[in-house]
Amino acid sequence: MKILNVDQIRALDQSTIQHEPIAPINLMERAALAFVDWFADHFPATMTTKIFCGLGNNGGDGLAIARLLLEREYPIEIYVVRYAPRESDDFMHNHRRLKLVTENVRYIELSHDIPAIRHNEIVIDAILGSGLSRPTEGIVKSTIEAINRAPATVVAVDIASGLYTDQPNAPTDVIIEPDYTITFQLPKLAFVLPKNGRYVGDWQIVDIQLHKRYIDLAPTPYYFTQARDARLLLHKRDRFSNKGSFGHALLYVGSYGKIGAAVLAARACLRSGVGLLTVQVPGCGYNILQTAVPEAMCLPDKNQQVLTGQSEVESSDPAEYTTVGIGPGIGKAPETLVMLRELLRTLKKPIVVDADALNLLSENSNLLDKLPRNSILTPHPKEFERLTEKWDNDYQKLTILREFAKKYKVIVVLKGAYSAIATPDGDIHFNSTGNPGLSTGGTGDVLTGILTALLAQGYDPIEAAVLGVFSHGLAGDRAAEQRGPIGMTASDVVDSLRWD
Ligand SMILES: NC(=O)C1=CN([C@@H]2O[C@H](COP(=O)(O)OP(=O)(O)OC[C@H]3O[C@@H](n4cnc5c(N)ncnc54)[C@H](OP(=O)(O)O)[C@@H]3O)[C@@H](O)[C@H]2O)[C@@H](O)CC1
Ligand SMILES: Nc1ncnc2c1ncn2[C@@H]1O[C@H](COP(=O)(O)OP(=O)(O)O)[C@@H](O)[C@H]1O
Ligand SMILES: [K+]
């Protein structure tokens with residue numbers, strides 16, 4: 001699914017109006033109806049609902065929503081925040097329609113017009129939408145502050161008032177802090193950025209049938225991966241396949257005290273469909289790995305504590321494996337750096353690079369140029385900052401991310417809620433699955449195993465990253481259903497992996 005910018009959203013609105021064709025007021029009615037359907041599914045008609053409307057089209061939506069909720073017998077109080085002398089045409093149209101059914105519309109011009117909001121009430125925020133062009137001030141700001149102070153449940157229409165759709169807000173901006181955002185047709189870039197969490201709440205898209213062809217043709221670097229997008233990427237298995245059909249992966253994982261990372265990555269790799277798996281661990285990990293993961297072959301490193309790449313048993317050249325995953329739990333010993341340097345000198349196919357392998361790259365940035373094209377790097381934000389520079393805000397972070405992926409021709413999975421996957425062509429795919437239960441040690445090692453397995457099976461590296469990150473998050477969601485987000489562990493994520 002695409003994420004479009006504000007200008008494109010406006011053009012999409014116009015394109016729908018022209019091509020369907022549909023009158024603007026009817027499109028607004030459709031949006032209001034979609035909102036009300038969601039609202040009625042979530043809140044009973046016994047709850048007092050205060051709706052705050054601005055003077056643009058977001059306010060117009062609010063007035064239409066108010067009328068539709070009155071029809072459904074919600075006890076609703078309607079407030080219009082009169083911050084400017086002019087209203088939008090569709091606002092005025094809906095204002096007239098509303099006046100036909102109720103006289104009970106109140107106007108907020110000064111602070112003392114703002115009503116007290118009690119708990120057990122619902123607030124619908126339709127003050128400002130995607131047309132926000134400057135920070136909130138005056139009576140708009142005071143109303144937002146009053147809503148944020150109130151102990152009520154707040155639902156934003158389209159986007160929280162005061163939040164920009166696709167540019168940074170200043171830290172001093174006053175913005176609605178909703179419990180829910182119900183947005184029209186497409187996700188907004190602002191929703192997937194960490195600093196905006198409290199200005200978005202739980203968000204959901206409602207379909208208002210905007211012009212599909214416009215969306216299909218609109219250029220954008222930003223995508224949001226949903227189940228239907230991920231499902232299209234999944235390879236079907238040939239009935240006459242054999243284990244040789246699904247690649248032979250090599251994992252370089254673990255160090256003394258961190259053999260668990262090796263076990264997690266290896267188990268995840270096997271649960272993600274790799275044909276054959278060899279795991280190289282420091283000597284101290286040999287018995288552990290062979291016992292915990294009997295399906296994997298194990299190469300004990302000749303060093304007991306850390307990886308050097310040298311083994312006491314005869315082993316093939318890493319370049320002979322279908323792909324390599326390196327990083328979880330390996331530490332940053334000088335011998336391990338030598339191994340990484342040698343690997344990057346000889347390997348020419350895409351590999352997966354995580355954790356301390358990334359930290360070694362940050363400390364030896366001359367190695368970045370040696371990464372095989374289309375390799376997948378999986379930093380969490382701290383690791384990414386070490387590889388690049390500090391950022392002032394999430395939008396600048398996205399710019400740095402895109403530049404990095406383009407410059408080194410690699411795929412970067414910047415992990416976290418809505419993990420951002422940057423490709424060498426400058427696109428960013430945000431992931432939709434996952435939950436805070438994944439914020440626990442070892443879940444990143446699981447991701448490395450998954451991505452290594454997908455590369456081994458011959459997935460295109462961008463598709464491997466998008467599908468792997470989606471499935472990892474989905475497994476996390478299943479684990480959270482079974483164990484709860486607090487009790488779940490990285491092992492539960494491995495056990496919850498499914499590929500269908
Ligand atoms: N395409 C879709 O998906 C559909 C969208 N729909 C709905 O339309 C909404 C967008 O409507 P919109 O463009 O009228 O914007 P909205 O924010 O209501 O008001 C803009 C006005 O506010 C003003 N203003 C700006 N900042 C301000 C501030 N800080 N303080 C005070 N005023 C401020 C601004 O002034 P200006 O910038 O022109 O000076 C302008 O006059 C969208 O969110 C959705 O709800 C649906 O109905 C149908 C399908
Ligand atoms: N709040 C969250 N929502 C969704 N996914 C999350 C969240 N927190 C962490 N994750 C995911 O969990 C994984 C954590 O990886 P990482 O930080 O490398 O952990 P570790 O190094 O302990 O294995 C990443 O895939 C990340 O996207
Ligand atoms: K709003």
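I began with the record: UniProt, in an unreviewed entry, lists "domain: YjeF N-terminal" for residues 9–216. UniProt positions are given in the numbering used here, feature names are shortened, and annotations may be inferred rather than shown by experiment. I note that this is a predicted model, in which local features need pLDDT of at least 70 and side-chain atom pairs count only at pLDDT 80 or more, while totals for chains, interfaces and linings use all residues. Residues are numbered from 1 along each chain as its sequence is written, and chains are lettered from A and ligands numbered from 1 in the order in which they are written.

**Entry 1. Overall chain.** I looked up the secondary structure of the protein chain and found 16 helices and 17 strands. Helices (H or I, at least four residues) and strands (E, at least two) are DSSP runs, numbered from the N terminus. Over residues 9–216 I read 36% helix and 17% strand, with the end C-alpha atoms 13 Å apart. The C-alpha trace of the protein chain spans about 85 × 45 × 40 Å along its principal axes. Of its 500 residues, 49% count as buried; buried requires 20 or more other C-beta atoms within 10 Å of a residue's own, exposed 12 or fewer, and partly exposed lies in between, with C-beta atoms placed from the backbone. Among contacts with a separation of 6 or more, 73% come from residues 24 or more positions apart, a contact being two C-beta atoms, placed from the backbone, within 7 Å.

**Entry 2. Strand 1.** I then turned to strand 1 (residues 49–53), where 5 of 5 residues are buried. Strand 1 runs parallel to strand 2 (residues 76–81), joined by 5 bridges; two strands pair if DSSP finds at least two bridges between them. Ile51 has Ile78 as its bridge partner in strand 2.

**Entry 3. Ligand shells.** Around ligand 1 I found 28 residues, the closest being Gly56, Asn57, Asn58, Gly129 and Gly131; a residue is near if its C-beta atom, placed from the backbone, lies within 6 Å. Helix 3 gives the most to this shell, with 4 residues. The shell around ligand 1 divides into 12 nonpolar, 12 polar and 4 charged residues. Here Ala, Val, Leu, Ile, Met, Phe, Trp, Tyr, Cys and Pro count as nonpolar, Asp, Glu, Lys and Arg as charged, and the others, Gly among them, as polar. Ligand 2 is surrounded by 18 residues, with Lys415, Ala417, Gly434, Leu438 and Gly444 the closest. Helix 14 (residues 443–456) gives the most to the shell of ligand 2, with 4 residues, and that shell holds 5 nonpolar, 11 polar and 2 charged residues.

Entry 4. I traced 10 strands in an open sheet of mixed pairing, in the order 8-17-16-15-14-13-12-9-10-11. Its edge strands, strand 8 (222–225) and strand 11 (297–300), each pair on one side only. Strand 15 (residues 411–414) runs antiparallel to strand 16 (residues 420–422) over 3 bridges, with Leu414 partnered by Ala420.
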